[in-house]
Amino acid sequence: MSDTLEGTAHGNGSAYGSQPRKEDARFVRGLGTFVDDLALPGMLHGAVLRSPLAHAKVVSVDASAALAHPKVKAVITGETLAQRGMAWMPTPSHDTQAVLATDKVRFQGQEVAFVVAEDRYAARDALELIDVEYEPLPAVVDARQALSPDAPVVRDDRPGQENNHIFDWESGDAQRVAEVFAEADVVVEQDMLYPRVHPAPLETCGIVADMDPVSERLTVWSTAQAPHTHRSLYAQLTGIPEHRIRVIAKDIGGGFGNKVGVYPGYVCAIVASMITGCPVKWIEDRSENLMSTAFARDYHMRGEIAARADGTILGLRVRVLADHGAFNATAQPSRFPAGFFGVFTGSYDLQAAHCAVTGVYTNKAPGGVAYSCSFRITEAVYLVERMVDLLAGELDMDPAELRMRNLLRPEQFPYDTATGWRYDSGDYPRALAKALELAKYDDLRAEQAARRERGELMGIGLSFFTEAVGAGPRKYMDMFGFGMADGAELRIHPSGTAVVRLSCMSQGQGHETTFAQLVAQELGIGVDAVDVVQGDTDHTPFGVGTYGSRSIAVSGAAVVTVARQVRERARLIAAAMLEVSPDDLEWGDGRWFVRGDEELGYTLAEIARVAHSSFEPPEGVDAHLNAVTVYNPPNLTFPFGAYLCVVDVDPDTGQVKVRRFVAVDDCGVRINPMIVDGQIHRGLADGIGMALMEQIAFDADGNHLGGSFMDYLLPTALECPSWELGQTVTPSPHHPVGAKGIGEAATVGSPAAVVNAVMDALRPYGVRHADMPLTPAAVWRAIQGRPLRSDVAIT
Amino acid sequence: MEITVTVNGQQHRRSIEPRVLLAYFLRDELSLTGTHLGCDTSNCGACVVWLDGVPVKSCTVLAAMADGKEVRTVESLAQNGKLDPVQQGFIRCHGAQCGFCTPGMLMTARWLLDRDPNPSEERIREAISGQLCRCTGYENIVRAVRWAAEHERRDEVTS
């Protein structure tokens, strides 16, 4: 860490704590290795021809003019792939997706052909030389029309598919809900849309595929959040045995779920390399990224909440219409068609709850689970937190008081929800109290009242969320048929330094640092003495990858487990060295020493040296210090938090300014608090983006209306306030160090706080609800034509 | 066409297609891959470099436009193995996460501090408002620039 001013911190002998990241030395020098940075000898460049139409028959594809281009080496069409049985690929949700269209195109931007040329400019030029004849078909764009009898059928390729229905899924007890609704004093109902949005990592998706025709080995460098599952899918598709495929992810420029799936461009680049015998690079541009890769959300929701007059919430009923686009390619545990939406009961003690979700096909890009959503918990939290605020409005109760009255109490944990989830641990009232205190809530309400007297629109919005992260257990959860468990492997070198190998893969979360801290803490060695290897299927154990905030919760647990196994083996060797019983040894300060005689003992480095020497280990004990494991989580972990947002709204323009954002997060034990805070900052910015700016929109013909960052707006430093963070720490009882995971918490929790704040600001106008994104135009429209309410002061 | 561009103090003469973008010229011709492309529409600023001392988005500048000019990229910030204060600030304050926007942010930050050695938080936010970061929520980038400003003025920066 020569770049740092203070070096590695080891306060109180702990390897945990805020400390600079190992990966930053290369990033600040511009020396990261992102996939587009690779340049292999003889490398060719690919480009994808995409459909201009949302729905059309493909009558013919004529690539002859493109093939005549002097720099073009090959053109791959759906027919080329069909001859190899690769025109379609499986999705993680028991569906198939066209790699290149053969029969129809089903969304605007769908992949139709793939050109391979000597440079990226020539490849783009040649796209214009391909002649595709389409026969346009009517498109179904609005999910609410997808099930009408006269809707065009998107997936007529599927045997027996006669409409656009994908699945019906429900959770909870409908009858019990009906009973509690009958007893309720008040029922509030609201329709709301969680719009289609996009994770839009700053680096788009890309690949370099290199098929070596002699060794018959395929090496793939790509933006893969899940390298091992990508390898298995490539093996299945190409017929190349798994052991001859190596998937490498070097540095990844943000993922947020966008880089979990396998995209047609990856498959085309692999085929192109097989055909040409050269390495082939394909890097999508931003328009391709926004138009064709995994979108997120697109949930049409109806919520009903029932309560007593005193504010005791009794039950929640939810109906969802889920727009999955043209192929059901949602990257989520395959037995959970609505992801973890089942946690929609949120953080409250409800007597009954029920949700029913219907998934439909439309002529839009596939995806659905992405953008740091923890498998649809974003939608669930938004739903319940909006409903609670609407209920507060109906009861004329303070939304903080209503939440405090209904939050789960610490003594109720572990808590079994009405929809069958077991929350591991929490102290919710403490987190909410802390957020209110940090924000000076009472002062804010007083200020708001004063501003309303002056005709100013100030809003205060709350949200309280419970996340469910760290999937599996593998018994219930799989991706592409692979049980959701993750491996780790640890090797101590003779000098006592270490290498730990992970099955997960960072996209910016700082694994090289945090996971080194985990090992260092268990073994009493320096953080700098631990190298972290990730993102290379030849050099890491199998696992399903980094998404759903799994890394610390699952891979972190695997790493701690192997570190403890190594420590135990070191104990046996130390006992032999000291000629005492292992039971007489105690671990402390990075040493095994004889209980009662601290002088008599060895550090891990001393034991490692002996373990690799000619010293004879005890009977039945392997020499060398190494371990390998697979961690199968017994349950999910349940991070939670209380958020508060303060906005000012310009009544004349509808412009929303986020003035303050207070976030109290509880993600259990924090390994590197600096990194944890950074993860939270990111998610809070997501919340501003989704609530106020971001939407992937289409016109009635299915034309994509946001194909660049000029139309798909992301928050800049000017839209984001300086975040105010607080924390509580409630360890997970089943994670080996009590950590819960933090990657997505703020993305999940923050949109509702922003929207609740804007709705609170518009309360004088009697506005109950407006859908995200709350752009100036949307807010202005919500205000227009609404008389000011007489019971809320504004002049 | 033939162009001569001085990049990070070193003169390069190349024959290029007139349409080649400066970002690709730097990356493909000179192997300076620290400059990244994130959007192609001048919105994200991952590609920010200096052209004759002024930050530009090199994804929308033709390499031909840099003929006879001086370009400075992220690779030039560290001098004689010593990191620039803005680089140190990004490390100290966790201003980088995935590292993709970082080079562009660093180049803008360096430019800002050369003109305003003590910028307010608002000034920093405004300076980077033409650039996007999807990881940091900008908080720690702002802090990193402030850190650099404070340490630069006190001349306390070490390598």
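The model is predicted: local features need pLDDT of at least 70, side-chain atom pairs count only at pLDDT 80 or more, and totals for chains, interfaces and linings use all residues. Residues are numbered from 1 along each chain as its sequence is written, and chains are lettered from A in the order in which they are written.

Start with chain A. Its domain assignment, automatic or from a database, gives domain 1 (35-137 + 204-252 + 259-292), domain 2 (295-471 + 635-783) and domain 3 (485-631). The centres of domains 1 and 2 of chain A, over C-alpha atoms, are 37 Å apart. Between them, 19 residues of domain 1 are in contact with 24 of domain 2 (C-beta atoms, placed from the backbone, within 7 Å). On the domain 1 side, helix α8 (286-292) of chain A gives the most, with 5 residues. Helices are DSSP runs of H or I, at least four residues, and strands are runs of E, at least two, numbered from the N terminus.

Now turn to α15 (604-611) of chain A. A:Leu604, A:Ala605, A:Ile607, A:Ala608 and A:Ala611 are buried there (20 or more other C-beta atoms within 10 Å of a residue's own). Down the axis of α15(A), these buried residues fall within an arc of 160°, so they line one face of the helix. The arc is that of the directions from the helix axis to the C-beta atoms. Their packing partners in chain A include α13 (511-523), α14 (551-578) and β30 (625-631).

Last comes the chain contact. It takes 47 residues from chain B and 44 from chain A. On the chain B side, α2(B) supplies the largest share, 5 residues.

Technical notes:
Buried ≥ 20, exposed ≤ 12 C-beta atoms within 10 Å, placed from the backbone. Contact = placed C-beta atoms within 7 Å.
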